[in-house]
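Please read it with the structure open beside the text.

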Amino acid sequence: MKRNFTPILLAGLVAFSACKKDTLFEETKPATKEEVPIAVTPEIPYVEGFNFKTTKDVKFNLALRTNNDAPLAGVIVSLYLPTDEKREAIFKGVTDKAGNLQGSVTVAASVGSLIIDPAYIGLIRDAEAVISASNTVTATIGGKDGYSGNIVAEQISFSPKATDVRALSYKTSGYQTNGLLATTFAYPGTYTATTAISNTATYPKALGRPVYMEASGDVLDASLLSYINASLPENQPLTATHPGYLNSAVTSTLNVTAKTDVYVTFVSEGAAQKNTLGYYTYPTGTAPSVGASLLPVLGGIDKVTWIFPNASANGSGGGLRPGDKVKLGNFAAGTTIAFIMVKDGWNGSDVAAGNTKFYSNDTYNPGAKKQSILLYDDVHKKFISSFEDIDRTGTTSDNDFNDLVIYSSSSVAGAISTTGVATIDRGGDTDGDGVQDAQDEFPNDAARAYTSYYPSKSTTGTLAFEDQWPSKGDYDMNDLVVSYCYTYEVSATNKVVTLKGDYNVLASGGTFQNGFGIQLPVNATGVSSVTGQKITGSYLNMAANGVEAGQAKAVIIPFDNNHSLVPAGKSANFMNTVPGTAKVVCNPVNVVVNFSAPVDLTSLNVSSLNHFIICDQKRGAEVHLPGYKPTDKANTALFDTGDDATVPVNGKYYVTLENKPFAIMVNGAFSYPVEKIMISKAYLNFNTWATSGGNTHADWYSNVSSGYRYAQGIFTK
């Protein structure tokens, strides 16, 4: 292989650029023996062909189905990381007419599962799906069992009692927490007697799944679910979307006007708690008496019958499937049926009847506030009841009233009064894009339906470059460090209309005036406009639509000189890389790219974006992530010179003779090395990760456990 510079001018340039940085600082020395990092061999060869990706692309094939396997179209599905306490989506997409959503998402290589959340009543929430060895996820949310594919059911803990058969009723005495004094709590039936606790399918006590349900459940068709979701949109307070439902004059109880059988059908639950649902009755117009404490008094409610001891869905901490149906009994005219929810009432083998309770009778609840509502669907002839399981007198309730959703029906048409019952919202699709207004972020814009972010709405990824290319320099990977976050405005057919990129220069460990660019997998003519760029010099030639001229693919240049982003009075030289110096916060760059025609969302995932820097305003000197091709403007004569070992015919780009990268990208925060400390010395498992081809220590940059970092070699401020 050729190792010498051919042009004399180029040799002088590289020699000058190397001393431009390397002579300014001596090798940082550890202060004490204890601070000495684990010994590394800087020149060990890394695995040939390893691309140094800290991320992986996970392909997914998702399907949303009703309980009779009909497709649910136009539903926005969000994907989350299982460790994300902030609960910010890393991907969003809309199901097509067949109820399917296919695509890919980029995640850290160490991630083993994804959380799938349709946020759609009638489907389980936050289903965890395991990523296969081939980096794929196949899953169905819904169907007869509630889920299938790579979904992992939520683990259920319980303490079975000595007897497996639940008594039909039992007595209690004394006031219960926030609630009633009931003479009797009762079950409509018994549990199956078995000790096969390893098999929850034959041990319903663990799940709290009754065996007294009807042999055939109900079909929940797509139109019924669409009405319920329009009325009770997930993550939106009812106080804002349908405040009329909370009017004190609107009833939440069922008033029977003709002798009839009454049934309750499970629709959905969206609660973290394993709540219990029961009912009680009284003669219409004579609600149980209330004492001075505004709670039902002795003898007011003489019996509560549990309907669903654990009102949680199969796979989500319970055993209920949408459509599961229980017959409450046969009721005479003049009977009122009211519901009671026991918060987190299911303890694994019984109902903790002393827990906090909420009632259909508003006056029994804290502050006499509604904790449940009742809606009538005159198309499907159902009475939908929905519950909020957080005390609404406090500040923690989300007020979306879909922690538990059921409906009631009768064997005799018209036997339950609709007087005083709120009418269900049938929803609408104002812009006609196929996504209901309640779920559509842009209900009046047919071109847009939702916004997706990468890495997530409030987190950023990091790019770190060496700018001495084709020399590897000091290999501290801090010559230019840039954070990024992408916002996608997407149509109902999962096509990107607008791409927004937010960039911040975090560090510049040298004196070079570097530019920063992104090549999109889109023809240059596929972009209609670019705004927000910071172009201050004259070494670039920009086209009228805002992309770089002379490029076949669209190349966006957020900034052409990192020095121009430093506030007045501050220096960009060795900025934020030398311990003990004041931190500099650069001016952000916010770029907006509009496309001539919408672009498929999956084709614009972050791994398809070709990030690079332009070294010291020399347009041909591009540095890309390993394995990524140069743009049309790159000076390919620099390949295979200095320390570079690029071999285009082998698809090998931007690595050294030892197969080391000139740039690193992570999909989160990255604490880069201080000046003159090689990345392999700052991160003690970097070499192990690289020599394993990424198979071990995939979390080398994010793990803060002992043995992962040489703390004095990492910049913190």
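1. Which backbone nitrogen does the side chain of N545 reach? The side chain of N545 reaches the backbone nitrogen of V547, at 3.4 Å, where a polar contact is a pair of N or O atoms within 3.5 Å, and within protein one must be able to donate a hydrogen and the other to accept it, residues adjacent in sequence counting only if both atoms are side-chain atoms. N545 is placed in the loop between β28 (527-531) and β29 (553-559), helices (H or I, at least four residues) and strands (E, at least two) being DSSP runs numbered from the N terminus. N545 counts as buried because its relative accessibility is 15%, the term buried standing for under 20% relative accessible area, exposed for over 50%, and partly exposed for what lies in between (1.4 Å probe, protein chains only). Once residues up to four places away in sequence are set aside, N545 touches A524, V527, S528, S529 and V530, contact meaning heavy atoms within 4.5 Å.

2. On the basis of the work: this is a predicted model, in which local features need pLDDT of at least 70 and side-chain atom pairs count only at pLDDT 80 or more, while totals for chains, interfaces and linings use all residues. Residues are numbered from 1 along each chain as its sequence is written, and side-chain values use heavy atoms, with hydrogens and water left out.

3. For the chain as a whole, the secondary structure comes to 6 helices and 33 strands, and 57% of the 717 residues count as buried. Of the contacts between residues at least 6 apart in sequence, 71% join residues at least 24 apart. The chain exposes about 27,600 Å², of which carbon and sulfur atoms supply 52%; accessible areas come from the Shrake-Rupley method with a 1.4 Å probe, and for residues only the protein chains shown count as cover.

4. Beyond its neighbours within four places in sequence, Y488 is in contact with residues including Y450, Y454, V496, L601 and L609.

5. Strand β21 (residues 404-410) is mostly covered, with 6 of its 7 residues buried. Strand β13 (residues 260-269) pairs with β21 in the antiparallel sense over 7 bridges, and S410 in β21 is the bridge partner of V262. Strand β20 (residues 382-387) also pairs with β21 in the antiparallel sense, over 5 bridges, with S386 standing opposite V405; two strands pair if DSSP finds at least two bridges between them.

6. A search of the whole structure finds 30 aromatic pairs, rings of Phe, Tyr and Trp (its six-membered ring) being paired if their centres lie within 6.5 Å, with planes under 30 degrees apart counted as stacked, over 60 as edge-to-face and the rest as tilted. Y279 and F331 form an edge-to-face pair, at 6.3 Å centre to centre and 80° between the planes. Y279 lies in strand β14 (residues 276-283) and F331 in strand β16 (residues 325-331), so the pair ties together parts that are 52 residues apart in sequence. Both Y279 and F331 are buried. F516 and F559 form a stacked pair, at 5.5 Å centre to centre and 20° between the planes, which links F516 in strand β27 (residues 515-523) with F559 in strand β29, 43 residues apart.

7. Some backbone details deserve a look. A cis peptide bond, with omega about 0°, joins Y454 and P455, and P455 is found in the loop between β23 (450-454) and β24 (461-465). The peptide bond from W469 to P470 is cis as well, with omega near 10°, and P470 lies in the loop between β24 and β25. N494, although not a glycine, has a positive phi of about 60°; N494 is in the loop between β25 and β26 (495-507).
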